[in-house]
Amino acid sequence: NAVLSIEDIFASKKIDDAWSFVEYKPSQTGKWTNNYHRYPAKFIPQLVEKLMEEYIGADEALINDPFMGSGTTLVSGIAKGYKVSGTDINKISHLLSKVKTTPIEPDYLANKVYQFYDKVLLSSQLEATIPQRHLERIDYWFVEENKIKLGQIFTLIHQEEDEQIRDFLLIAFSNILKNCSIWLQKSNKPTRDLKKKVQNPYIILKRQLNKMLRGNLAFWKILPKKVKENPTSFVNLQCGDARKQLAADNTVDMVITSSPYVTSYEYADLHQLSTIWFDFAESLTDYRKAFIGTTYKSTESTVLNSKIAQDIVDNMAVKSKKKAVETAVFFKDMETVIQESYRILKKGGRACYVIGNTKLKGVDILNAEAFTEIMLYTGFSLDRIIKRCIPSKSLPQTRDKETGRFAKTSQSNATAYPTEFIVIGKK
């Protein structure tokens, strides 16, 4: 029985310590441009590098990430001189990935940043640019003094004519918003802390820009000459649907990705502050809906090719019809994304999906097993399954069993992803 055999394979898997990377400090996992911006559940460059080292023998390759998130796969790819492509539905992710994969000549960047910061210190009389469409939300999150200072910084950023520098400054701005707001500092959920001592945007911006200057310098030093001379020919990014990749048929050497989960709308919440300042969405509610799977939820009946996925949906239907529909659409979307990975890969190329299992409303969501069955149905052979422990992801490690949403440890009753799998299919 194929279904049982997949579940038995996973049940018998032991943790492979070589893939847990517990020995690496945050300064190493956040090397180069990987420390530009906080991002939930991002995987570490060491994991991507190890996959590329084990499976790519050539000096040239094309790496794809359909859920590029903060761009870790792409940064690691161009660091080795490979070409990269990727998509993400999240506009903050797209901007962040673009900035992280754009090396800037260090002296030029430093001069630009120092000139910009000098203007910031003299900006007290400058008009503040605040997106009027989201003024109510901005007032909800920011005290008046910080709102004005941030608006003046925002004005100065948009006066910068060099697009690469402007985007670099926007990411710096994005990453200081949480500290400058009354968003509960240790929470990934949108929760206000009315007693929070908010930080001065000028001070925290200086610290952020200096950190990013160091990251760019380190990245510049290790990048191959061919990438520095023509970076745009190595990077092909798109803000859009994971089911439609930019790569042509049979051109990609490796897909390395960490897919979203059924509750992936949390990413929209997590980046809410940047989304309202950058005016990336007319309505936060509509924007959030786009994050379930890769598309807006359909109410049509969904036929799944994976029996494991269908069993999960059926079990969920007993608990919640609404969640069952969301779960079915999620797995159907993932089928399409995995088919797209198959289309773009060369014969012999590999698709590596980093995914954990979780619980939602008391139902076991066996993502890894379902993904494996979908890959086999699509035409992949199962090359390898790696089980790894997650030493430190920037997410709380617990979920509420009912809602599936992340919760404080004291309030939760289910571990989220203490371990995860790397499922590797070969075309």
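Start by selecting Phe116, Phe168, Phe173, Leu205, Leu209 and Trp277: of the 44 residues in the largest nonpolar core, these touch the most other members. A nonpolar core here is a set of buried Ala, Val, Leu, Ile, Met, Phe, Trp, Tyr and Cys residues joined through side-chain atoms within 4.5 Å, and buried means under 20% relative accessible area, with exposed over 50% and partly exposed in between (1.4 Å probe, protein chains only). Now colour the elements that give two or more residues to this core: H5, H6 (106-121), H7 (135-141), H8 (144-159), H9 (163-180), H10 (201-222) and H13 (272-277). H9 gives the most, with 10 residues. Helices (H or I, at least four residues) and strands (E, at least two) are DSSP runs, numbered from the N terminus.

A word on what's on screen: this is a predicted model, where local features need pLDDT of at least 70 and side-chain atom pairs count only at pLDDT 80 or more, while totals for chains, interfaces and linings use all residues. Residues are numbered from 1 along each chain as its sequence is written, and side-chain values use heavy atoms, with hydrogens and water left out.

Zoom in on Leu209. Leaving aside neighbours within four places in sequence, Leu209 is in contact (heavy atoms within 4.5 Å) with Val113, Phe116, Tyr117, Phe168, Leu169 and Ala172. Then jump to a second, separate core of 40 residues, which includes Leu62, Ala324, Ala328 and Phe421.

Rings of Phe, Tyr and Trp (its six-membered ring) pair if their centres lie within 6.5 Å; planes under 30 degrees apart count as stacked, over 60 as edge-to-face and the rest as tilted. Phe10 sits in helix H1 (residues 2-12) and Phe421 in strand S11 (residues 419-426), so this pair ties together parts that are 411 residues apart in sequence. Phe10 is buried at 3% relative accessibility, and Phe421 is buried at 6%.

For a tilted pair, pick Phe330 and Phe371, with ring centres 6.5 Å apart and planes at 35°. Phe330 is in helix H16 (residues 321-344) and Phe371 in helix H17 (residues 367-378). The structure holds 18 aromatic pairs. Also try Phe142, Phe154, Phe173, Trp277, Phe278 and Phe280, which form one aromatic cluster.

Next, the charges. There are 24 salt bridges in the structure, each a side-chain nitrogen of Lys or Arg within 4 Å of a carboxyl oxygen of Asp or Glu. Select Lys31 and Glu49, whose closest N and O atoms are 2.8 Å apart; both residues are buried. Move on to Lys346 in strand S5 (residues 345-355) and Asp253 in strand S4 (residues 252-258), 93 residues apart, with closest N and O atoms 3.1 Å apart in their salt bridge. For a network of salt bridges, show Lys50, Glu54 and Arg384.

Last stop: Lys100, in helix H5 (residues 91-100).
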